[in-house]
Structures are given as C-alpha cells and as structure tokens.
Amino acid sequence: NQIIYVSPTVTGEYTLPENLTIAAYGLSGSNISKLILSTDQLPSTNNHNWFTGFTGEIVVTLGNSLATPRYAFQNYDGTKITLPEGLTTIGAQSFYGCSELEEVVLPSTVTTFGTTTTTGTITQTFYNCSSLKSISLPEGLTIIGGNMFYRCSALESVNIPSTVKEIDSNAFNGCSSLKNIDLSNVEVVDSSAFSGCTSLTSVDLTNVTTLGSSAFNGCSAIADITLGEKLTSIGSSAFNGTAITEITIPRSVTALPGNVNTTLVSSSIFANCVNLETVILHDGITAIGTNTFSGCTALKTVKYVTASGELIGEDGVATLNEGLLILGYGAFNGTAIESVIVPSTLTDIGHSSSSYTGVFANCLNLKTVIYKSSSVAYKASASATSRTLAANLFRGCTALETVYMPDTITALGSYIFYG
C-alpha cells in the first residue's frame with residue numbers, strides 16, 4: 001500500500017501509518033509540515049523521487065531496519081531531516097541533490113556511509129546539497145567516502161571524527177565556503193578531496209602519509225600548510241594555485257611527486273602558487289617532476305637541509321640539493337629566480353621540445369646559472385638506453401648574463417638560449 005497523493009487539506013504533523021509506504025512524488029505539493037515514518041517505510045526500490053516536491057520536515061524513527069536504502073531522500077525539497085539513534089548505515093546517495101536541505105541530524109550510532117556494489121563502494125551521500133551549512137559526523141567513522149560532500153557550496157563547517165583515517169576522492173570537492181577543517185588524525189587524503197575549497201586558509205597535515213593528486217588544487221586562500229615527517233607521497237597538482245608563501249618538504253618525501261621516475265611524469269604540485277617565495281628542500285630528494293613550481297611568479301629562494309641539519313643556500317638564490325637526479329621540464333618555468341645552482345648529481349634534466357617548456361624557461365629575472373652537472377640530456381623512460389639533449393632549457397630568460405658549465409658538456413639542445 002502506497003501513498004500516491006495527499007490532499008492539500010492535510011496539514012501539520014503527520015505520522016505515516018505502519019501499513020503504508022510512499023510512492024514516487026506521493027507527497028509532492030502536500031501541506032504536511034512534518035512527516036514521521038520508520039526506517040522500514042523507506043521505499044527499497046531504486047526510485048529517486050520518493051520525496052521530490054515535499055517541503056515539510058522529515059523525522060525517521062527506528063524500525064527493524066538499521067539502514068537507510070540507497071537514494072533514500074534523493075531530490076527532497078525540504079530543509080530538515082532527523083535520523084534515529086540505533087541507525088548504523090546510511091545508504092549511498094541518500095541526500096543526493098537535496099539542494100534546499102539545511103540541516104541533517106545524524107545519530108551517534110552511524111558507522112557506515114555508502115552502498116557496496118559489484119564495482120566497489122559508492123558514497124555521494126550529500127552530493128550537491130548546496131544549502132547545507134554545517135554537519136556533525138559521529139565518532140566511529142573510519143573513512144569519509146568519495147564525493148560525500150561534493151559541491152556542498154554553502155558548507156562552512158564539518159567536524160572530522162578522531163576515528164577517521166582516510167578522506168576519499170572528491171569528498172569535499174567544490175565546498176567553496178568551507179573555512180576550517182581538522183585533519184589532525186587523518187592519514188590519507190585522496191585525489192581532489194578538497195579541490196576548489198576556496199575559503200580554506202590553512203591545513204595541518206602532520207599525520208598524513210599520502211596526499212593524492214589535486215588534493216588541495218585551487219584552494220586559493222590556503223596560506224599555511226604544515227607537512228609532517230610521516231608524509232611519503234605527494235600527488236601531482238596537490239597544492240596547485242594555493243596562497244602559500246613558504247613550504248618545507250619533509251625528509252620523508254624523496255620525490256616530487258612521490259611516484260616520479262622519469263622527466264616525463266607530471267607533477268605541478270606547487271604550480272601557480274603566485275605568492276610562494278621560499279622553498280626548503282633536503283638532500284634526500286632525488287626528483288623534481290614536471291612543472292612542479294611552474295608559474296610561481298614570486299619564487300626567488302630555494303635552499304636545502306642536509307642529513308646533519310645544516311641549511312644550505314642563501315636568500316635570492318635557487319640552490320638545488322646535491323643528490324637530485326631528475327629535474328622535469330617546466331619545473332621552474334616563469335619563476336622569479338635570479339640565480340640558480342644546479343647540483344653535480346643531476347643525471348636527467350628537462351625533456352623538452354616544441355610541445356614542452358624548458359626547466360628554467362621564462363625566468364625573466366634569471367641572470368646567473370652555475371651548472372655543476374655534466375648532463376643536459378634526458379631519458380624518455382626509466383628503461384630507455386638512449387639519451388636526448390634537452391631543448392629550451394633557458395628559453396625566454398631575457399636577463400640571462402652568465403652560465404657556468406663544466407667542460408665535460410660538449411653539446412647543447414636546440415633553442416636552449418632562445419630569446
């Protein structure tokens with residue numbers, strides 16, 4: 001038995017009789033201000049419009065079922081939903097597209113968000129809930145699933161339970177009003193988890209071990225980033241376009257990005273950080289991938305810390321660390337460096353052609369280069385046996401006056417000093 005229509009004369013609070021459920025659009029246009037129903041009365045079919053057109057408050061009581069089904073409240077047009085204590089699971093896409101939803105009261109007993117299918121776990125719990133401003137998540141959660149708060153553009157605050165260890169891909173992507181987030185107990189931040197969170201101003205990643213690609217891409221207000229010594233891997237474009245002025249790479253990170261093995265691997269980790277002035281590396285870094293600092297138009301100083309703790313370098317000079325083996329194309333493209341020291345350990349530098357940007361291309365303030373390495377070539381892959389001269393290495397460096405190179409270099413790539 002299903003409700004397919006409710007007369008406009010039915011108003012106020014209404015408790016759904018135990019023998020009834022709701023058909024798609026069954027409450028559309030009704031004047032009920034509060035609907036009370038049990039978990040057993042939430043339809044179990046994959047229909048997305050059970051509460052479409054209903055604007056009243058929804059209060060769910062606990063029945064025999066301890067879970068809400070997938071799509072439970074999808075496209076609901078009201079502002080508030082209260083779920084009962086004792087509920088343990090909220091199905092995938094339960095609040096998907098509830099663009100008017102402002103408040104969800106979650107029970108402390110919920111430990112799982114999402115639905116497991118043959119292709120994996122689907123979450124998208126609050127996908128595009130564009131009016132939701134805050135939410136309190138219960139302790140006991142271990143993961144915030146993929147796309148869980150995707151494009152919740154009004155979301156300003158959310159507590160991250162101490163039990164959460166992983167934030168999955170796109171979990172908070174597009175949450176442009178999110179101002180603060182406590183990640184002190186989180187260990188894994190997956191790809192694009194906070195991409196486009198343009199109101200975030202700082203992030204403490206002290207306990208994070210893995211940062212996925214584009215994790216904080218486009219977070220244009222983040223001026224303070226703390227990376228901890230547990231971190232081992234930073235994905236490409238992780239901090240692209242943030243507002244940081246200085247960054248220190250922890251000794252636990254040995255390559256930028258963490259999986260780089262040739263000069264062709266994309267990086268752009270700190271690309272377009274236009275306020276970035278100082279970078280502190282260390283002598284355990286073996287690779288700086290493509291476009292890592294490209295477009296960092298204020299970057300002038302690069303120093304590095306030795307294993308004994310000595311800080312090498314001086315202000316206004318890009319002193320790349322001894323031990324560096326690979327320097328990808330475009331790594332320092334368009335920066336404000338005036339002087340650069342390339343270490344003797346470098347073996348691969350800047351695959352470049354008409355389609356790629358030279359490592360130091362368009363550094364308009366660059367005047368002096370001390371090039372200690374004997375290599376101005378690259379390998380197209382880690383397994384390649386032949387090497388090719390890098391092109392466009394200093395292309396567009398219009399202020400360049402002096403380049404010191406060892407006499408072991410006998411050939412240069414095309415357009416290396418073009419412009």
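Tutor: Begin with the elements: helices (H or I, at least four residues) and strands (E, at least two) are DSSP runs, numbered from the N terminus. This is a predicted model: local features need pLDDT of at least 70, side-chain atom pairs count only at pLDDT 80 or more, and totals for chains, interfaces and linings use all residues. Residues are numbered from 1 along each chain as its sequence is written, and side-chain values use heavy atoms, leaving out hydrogens and water.

Student: Where is S373 placed?

Tutor: S373 sits in the loop between β32 (368–371) and β33 (377–378).

Student: Is S373 buried or exposed?

Tutor: Buried means under 20% relative accessible area, exposed over 50%, partly exposed in between (1.4 Å probe, protein chains only). S373 has 0% relative accessibility, so it counts as buried.

Student: Which polar atoms does its side chain meet?

Tutor: A polar contact is a pair of N or O atoms within 3.5 Å; within protein, one must be able to donate a hydrogen and the other to accept it, and residues adjacent in sequence count only if both atoms are side-chain atoms. A polar side-chain atom of S373 lies 2.7 Å from the backbone oxygen of L346. The backbone nitrogen of S375 lies 3.0 Å from a polar atom of the S373 side chain.

Student: And strand pairing?

Tutor: Two strands pair if DSSP finds at least two bridges between them. Here β14-β16-β17-β19-β21 is the order of an open sheet of 5 strands, with parallel pairing. β14 (143–144) and β21 (233–234) are at the edges with a single partner strand each, so one side of each has no neighbour in the sheet. Within it, 2 bridges join β16 (166–167) to β17 (188–189). E166 stands opposite V188 in β17.
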